[in-house]
Amino acid sequence: MREIRPVHTVYFHRDDWQTPGKATDINQVFGLLKMDNIAVHEGYDVISPATVVDHEPDLIIADSIESVVENPSLSGLHMVSDTAHIPHHIFELKEDHSFDRDDPRFQYTVEAFAAFAYPDTFPAPETSSDGHGAAAEEGEEEEEAGHGHSHSHSHSNGHGH
């Protein structure tokens with residue numbers, strides 16, 4: 001991670017707007033991956049859609065891409081309005097993904113997310129611990145490698161980015 005220069009902002013989307021903030025395992029993962037969580041509350045709490053739009057995160061983790069792009073409250077996000085950005089900015093939690101530290105799929109999920117965020121640095125993981133392959137994700141990674149995340153967004157998000 002020493003060679004990684006960009007710091008991405010990230011948001012973990014749930015339909016009920018409950019999102020992990022500081023002092024959570026997922027926030028520790030974000031820190032390891034040089035990412036700033038837009039949620040500044042402690043633990044899990046509700047975040048307002050306006051806060052998400054105001055912070056314009058570089059990456060969103062969601063149960064489905066549709067839960068983000070079909071949500072009218074998030075229509076103001078650049079990654080939603082410019083549909084070419086959707087596959088490169090929304091990490092979809094697949095059936096074999098889990099950010100629960102006690103789940104055997106945790107390491108696989110962190111590796112898959114690192115590969116998604118930094119496709120030129122990290123390879124896509126081969127399989128998760130439950131035996132599911134990453135064949136579909138590997139195809140996506142090749143496409144993402146061409147797009148990359150080297151571009152920078154200039155956001156006024158209150159964090160000096």
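1. Basis. The model is predicted, so local features need pLDDT of at least 70 and side-chain atom pairs count only at pLDDT 80 or more, while totals for chains, interfaces and linings use all residues. Residues are numbered from 1 along each chain as its sequence is written, and side-chain values use heavy atoms, with hydrogens and water left out.

2. Overall layout. The chain has 7 helices and 6 strands. These are DSSP runs numbered from the N terminus: helices are H or I with at least four residues, strands are E with at least two. The order along the sequence is β-β-α-β-β-α-β-α-α-α-β-α-α.

3. Burial and surface. The chain has 161 residues, and 48% of them count as buried. Buried means under 20% relative accessible area, exposed over 50%, and partly exposed in between, with a 1.4 Å probe and protein chains only.

4. Contact range. Take the contacts in the chain with a separation of 6 or more: 61% join residues 24 or more positions apart. Contact means heavy atoms within 4.5 Å.

5. Strand β1. Residues 8-12 form β1, and 5 of the 5 are buried, so the strand is largely enclosed by the rest of the structure. His8, Val10 and Phe12 point one way; Thr9 and Tyr11 point the other way. β1 runs parallel to β3 (residues 35-37), with 3 bridges. It also runs parallel to β5 (residues 59-62), again with 3 bridges. Strands pair if DSSP finds at least two bridges between them. His8 has Met35 as its bridge partner in β3, and Phe12 has Ile61 in β5.

6. Main core. The largest nonpolar core holds 21 residues; Met35, Ile61, Phe91, Phe99 and Phe113 have the most contacts inside it. Such a core is a set of buried Ala, Val, Leu, Ile, Met, Phe, Trp, Tyr and Cys residues joined through side-chain atoms within 4.5 Å. β1, α1, β5 and α6 (106-117) each give two or more residues. The largest share, 7 residues, comes from α6. Apart from this core lies another, of 15 residues, including Ile47 and Ile90.

7. Helix α6. Is α6 mostly covered or open? It is mostly covered, with 10 of its 12 residues buried. Among the buried ones are Phe106, Val110, Phe113 and Phe116. The geometry agrees too: at 1.5 Å a residue α6 should span 16 Å, and its end C-alpha atoms are 16 Å apart. The expected span is 1.5 Å times one less than the number of residues.

8. Aromatic pairs. There are 6 aromatic pairs. Rings of Phe, Tyr and Trp (its six-membered ring) pair if their centres lie within 6.5 Å; planes under 30 degrees apart count as stacked, over 60 as edge-to-face, the rest as tilted. Phe12 and Phe99 are edge-to-face, 6.1 Å centre to centre with 70 degrees between the planes. Phe12 is in β1 and Phe99 in the loop between β6 (90-92) and α6, 87 residues apart. Phe12 is buried because its relative accessibility is 5%; for Phe99 the value is 11%, so that residue is buried as well. Ring pairs link Phe12, Phe30, Phe91, Phe99, Phe113 and Phe116 into a cluster.
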